[in-house]
Amino acid sequence: MAKESDFYQVYEVFSRRGSKAPMQHQFSLLAPNREMAMMMAQENFMRREEVIDVWVVKQNDIRKMTSEERQSMTNRLDNKQYRTTKGYGYLRQKWKEKEQGMLDEKEIMSWKEVKKK
Amino acid sequence: MYNYVEDGDSKTTAYVEHDQAKYDAFMARIEAGDKIEADDWMPEDYRQALIKLISMHGISEIMGALPEKEWVPKAPTLRRKLGIMAKVQDEMGHGQLLLRVAEDLMKPYGKTRENLMEDLLNKDLKFHNVFHMPTKTWADAGMVGWLVDGAAIISQTNMLDASYGPYQRALQRICQEEVFHAQHGESIIMALAEGNDYQRDILQESLNRWWPSLLMFFGPASAETTGSSKQDIMIKYKIRKSTNEELRQAFLSKYMPRVFSLGLTVPDETIHYDENEEKWIYKQPDWEEFKQIIRGNGPRSKERLRIREIAYENNRWVRQALATEPVGV
């Protein structure tokens, strides 16, 4: 007979706190199948937390970065400034001279509503 | 969490021998506060110290639920019953988190959770001295939450910055839940301390009984006492920050004023804080007894292991029945 331990699979558990929150990795667990993994995920990680959604994924089905790949990620060149707003800070002063405000992230993200006609 | 082979295949490869360049890079990473993951290269003694620590911690959580669950049917009110039930469930949950972390570390040796359970039943895997002790009165249920968990919180928070990523992440979750356990214990203690003569008597009697176990909890100050100690290697590899004695001193500083404020005493008339030496002076517990207890010769060692064994055997058919995917899913 096969060893009992061969029955178990490692599942990674993810959950979402609210509809605006990203799916977040919680931890992993051992379970004999997906349904049990789902049940144990709720028992193990959601006893108190506010949770609106749960995913369980068999660990073997995840292509993770290898140790080497992760190391090289942290050693990436710090040359991404041209992709960020970092170089455009001088605009605040320019707009100020023209008596206008800067349309920064905080301002733009606040434009949820426009005036109804 | 592990990737010994490219592309996420979980096949195990043989463990890599000592390599000075890799060792230096590893030390540089942990000195810089980087977290080591399960599939990163790590020195053999680091892996072994972690396996020993985390499997012992995980199994202790599970064995610790056993003396507490005895009080679920005997809790004096519904609120207390719900509280202690939630705590017992938390302890089992902590055990599951920690065993998962230990399993990933044991993978290169081909060991699994099943092996850990066998080691436990063979007494090769030790669990915390406090969980070999009997609980006799309801005051013990409070004492376990207040001072036993208090001691555990002191030693676990000391590892919140541990260099091993998975353990450190498990500890964040565990320590947050321990706050609930500590206050659950305090609430029971407070009710007894402010209760009638009988209640105060069982509280004092409980503390007297638990006192040596609480001192022993942190382990001996040096390896000379019991012949072996992993504390130096744990500090070198930034798994924990403080020595056994530093942790015991921190425990005494945090909890002795509270013990005295409740009108309780401890069975050591010599205990006091020495202002000049800036440390607590106390009578050493019997370290020979400590050795016997953790070897599995404590007052309740056999019974608790038997409960674990019966649960494991009785539930075997459930594990086997669940081993296949349900039909129609």
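This is a predicted model: local features need pLDDT of at least 70, side-chain atom pairs count only at pLDDT 80 or more; totals for chains, interfaces and linings use all residues.

Entry 1, confidence. I began with pLDDT, which is the predictor's confidence in each residue, from 0 to 100. For chain A I found a mean pLDDT of 89, with 95% of the residues of chain A reaching 70 or more.

I then turned to chain B, whose mean pLDDT is 90, and 91% of its residues reach 70 or more. In chain B the lowest confidence belongs to helix α8 (residues 223-226), at a mean of 69, and the highest to α7(B), at 98. I also marked residues 1-14 of chain B, over which pLDDT stays under 50, and for this stretch the model has 32 contacts beyond four places in sequence. For the complex, I noted that the predictor gives an ipTM of 0.81 and a pTM of 0.87.

Entry 2, the sheet of chain A. In what order do the three strands of the open sheet in chain A stand? I read the order as β2-β1-β3, and the pairing is antiparallel. Because β2 (24-31) and β3 (53-58) of chain A stand at the edges with a single partner strand each, one side of each is left without a neighbour in the sheet. Direction ignored, neighbouring strands of this sheet are turned by 25 degrees against each other on average.

Strand β1 (residues 9-16) of chain A is joined to β2(A) by seven bridges, and the two run antiparallel. Between β1(A) and β3(A), which also run antiparallel, I found six bridges. Which residue of β2(A) stands opposite A:Glu12? I found A:Ser28 there, and in β3(A) the residue opposite A:Glu12 is A:Val57. I also wrote down A:Ser15, whose bridge partner in β2(A) is A:Gln24.

I moved to helix α2 (residues 44-69) and helix α3 (residues 78-106) of chain B, whose axes come within 8 Å and cross at roughly 160 degrees. The two are therefore roughly antiparallel to each other. I noted the crossing of α2(B) past α3(B) as left-handed. Sorting the residues of the contact of α2(B) with α3(B) by class, I have 14 nonpolar, six polar and six charged.

Helix α5 (residues 138-157) of chain B packs with helix α7 (residues 197-216) of chain B at an angle of about 35 degrees, and their axes are 10 Å apart. Here α5(B) passes α7(B) in a right-handed crossing. From α5(B), the residues making the contact include B:Met143, B:Leu147 and B:Ala151, and from α7(B) they include B:Leu203, B:Leu207 and B:Trp210. The residues of this contact of α5(B) with α7(B) divide into nine nonpolar, one polar and one charged.

I finished with helix α6 (residues 165-193) of chain B, whose axis and that of α7(B) come within 7 Å and cross at roughly 130 degrees. That angle makes α6(B) oblique to α7(B). At this contact I listed B:Ile189, B:Leu192 and B:Ala193 in α6(B), which meet B:Gln199, B:Arg200, B:Ile202 and B:Leu203 in α7(B). By class, the contact of α6(B) with α7(B) has five nonpolar, one polar and one charged residues.

Technical notes:
Residues are numbered from 1 along each chain as its sequence is written. Chains are lettered from A and ligands numbered from 1 in the order in which they are written. Axes are lines fitted to C-alpha atoms, for helices over the stretch in contact, and angles run from 0 to 180 degrees between N-to-C directions. Helices (H or I, at least four residues) and strands (E, at least two) are DSSP runs, numbered from the N terminus. Angles under 35 degrees count as roughly parallel, over 145 as roughly antiparallel, 65 to 115 as roughly perpendicular and the rest as oblique. A crossing is left-handed if the near helix is turned anticlockwise from the far one by less than a right angle, and right-handed if clockwise. Ala, Val, Leu, Ile, Met, Phe, Trp, Tyr, Cys and Pro count as nonpolar, Asp, Glu, Lys and Arg as charged, and the others, Gly among them, as polar. Two strands pair if DSSP finds at least two bridges between them. Two residues are in contact if their C-beta atoms, placed from the backbone, lie within 7 Å.
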